[in-house]
Amino acid sequence: MLIALLALIGVLVALYLTLYKMGVIGTLVCQVGSCERVNTSRWATFLGLPVAAWGLATYVLLLALALAGLQGIAPRRSAWGLVLLSGWSVLFSAWLTYLELFVIHAVCMWCVTSATLMLLIFISSVVVLREELRGA
Amino acid sequence: MVRQQRPANTKWFYLGLGIVAVVGVGLIARTASHDSAASAVTDVKATPAQAEGYLLGNPNAPVQVMEFADFECPACGQFATVTEPDVRKRIVDAGLASYRFFDFPLVEVHKNTLPASNAAACAADQGKFWEMHDRLYYGQPDWNTEATGNPKKIFLQYAKELGLDVGAWEKCFDEQRHLSRILGNRAEGERRQVRSTPTFVIGTKMIPGAISYDQFKAYVDSAAQQVAAHGAARADSQSGKGVTQ
């Protein structure tokens, strides 16, 4: 349940940033840090798509896996999927955070929120997978 | 997660999840509509009174474009360095539109933006506003608030690079000679309810955000069609008058 909730919040954060990149939202609400500087930097795009859009797709997948698990659909596969996808995303978020701190020299509070959500999802997913493996 | 986390109150969880989704999407939609409200039709006849901006291109071009921008805003920098060169070459130089830049310094968040506007205004005295405009945007990471507390040193360097009379430029900069002009430009933006930078007024439309070249061109084309249709309607009404007389 926690994973689904975290993934849903992640979907909303990533959707907000994606809409900004698409120009639907003119200005980011950003009380802390320099969100615009980060999101208009050249590192805000990955393989031709905005990083926020990749994040949105990832969170949607994580939400789908979490809900599948809750419904009892292939629970172990769902748990493995959650661990692998969130694990990869934690590494990707770590790289983005490194870029913010040491290359762009600006921090985006939405990006930090997303990185924290992803880390929490990963930790929760590992716990869930362990329970699944024990229950087998 | 799965077996253990399927208690009887699962439906309450889904309800909660649904509420979070609805509230979240609602907040995002509210932000988006707040911005798109600004992209509604604006009063194009409301010509600037004190504010004159900085003109590029033919002032009698069929479409008038206004840009409200902050020199330190990254999105403005992105537009100026990535999109604007194409806009100048293919739209302004081609005579499709005139382009007028208005300072909209967000002094509340950007400490060095007002000095940058000053630097550009003083370069305008020597006929090099656009050269300084470009230099400031291309060098934005070198003089923004994060980079330095004393941007004048860098602006002086730019003035030298652009071949300005540095003494005259520096005197103008130190006196903040054009502060009222800059604040007038900002006031014009406020009067038009500019809420973010960059914001463009293209014909009768106000568009916030660093739009792409294709979007920019589409707005210019649409404004040109509007102007042409308006002109044709006026011609019709005048010829109609002629018949009745």
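Select the hairpin of strand 4 and strand 5 in chain B: two residues sit between the strands, and Gly203(B) there takes a positive phi near 65°. Strands here are DSSP runs of E, at least two residues long, and helices are runs of H or I, at least four, both numbered from the N terminus. You're looking at a predicted model, where local features need pLDDT of at least 70 and side-chain atom pairs count only at pLDDT 80 or more, while totals for chains, interfaces and linings use all residues. For picking things, residues are numbered from 1 along each chain as its sequence is written, and chains are lettered from A and ligands numbered from 1 in the order in which they are written.

Click Val201(B) and you'll find its bridge partner, Met206(B), in strand 5 of chain B.

Next, colour helix 3 (residues 113-125) and helix 7 (residues 166-175) of chain B. Their axes come within 9 Å and cross at roughly 135°, with axes being lines fitted to C-alpha atoms over the stretch in contact, and angles running from 0 to 180 degrees between N-to-C directions. That makes the two helices oblique to each other; angles under 35 degrees count as roughly parallel, over 145 as roughly antiparallel, 65 to 115 as roughly perpendicular and the rest as oblique. Where do helix 3 and helix 7 of chain B meet? Show Asn118(B), Ala119(B), Cys122(B), Ala123(B) and Asp125(B) on helix 3, against Trp169(B), Cys172(B) and Phe173(B) on helix 7 (contact: C-beta atoms, placed from the backbone, within 7 Å).

Ala120(B) touches, beyond four places in sequence, Phe71(B), Phe129(B), Met132(B), His133(B) and Leu136(B).

Now hop to chain A, which runs α-α-β-β-α-α-α from the N terminus. Of its 136 residues, 49% are buried. Finish at Glu131(A) in helix 5 (residues 109-135), which is partly exposed because it has 17 C-beta neighbours inside 10 Å.

Notes
A residue is buried if 20 or more other C-beta atoms lie within 10 Å of its own, exposed if 12 or fewer, and partly exposed in between; C-beta atoms are placed from the backbone. Two residues are in contact if their C-beta atoms, placed from the backbone, lie within 7 Å. Two strands pair if DSSP finds at least two bridges between them.
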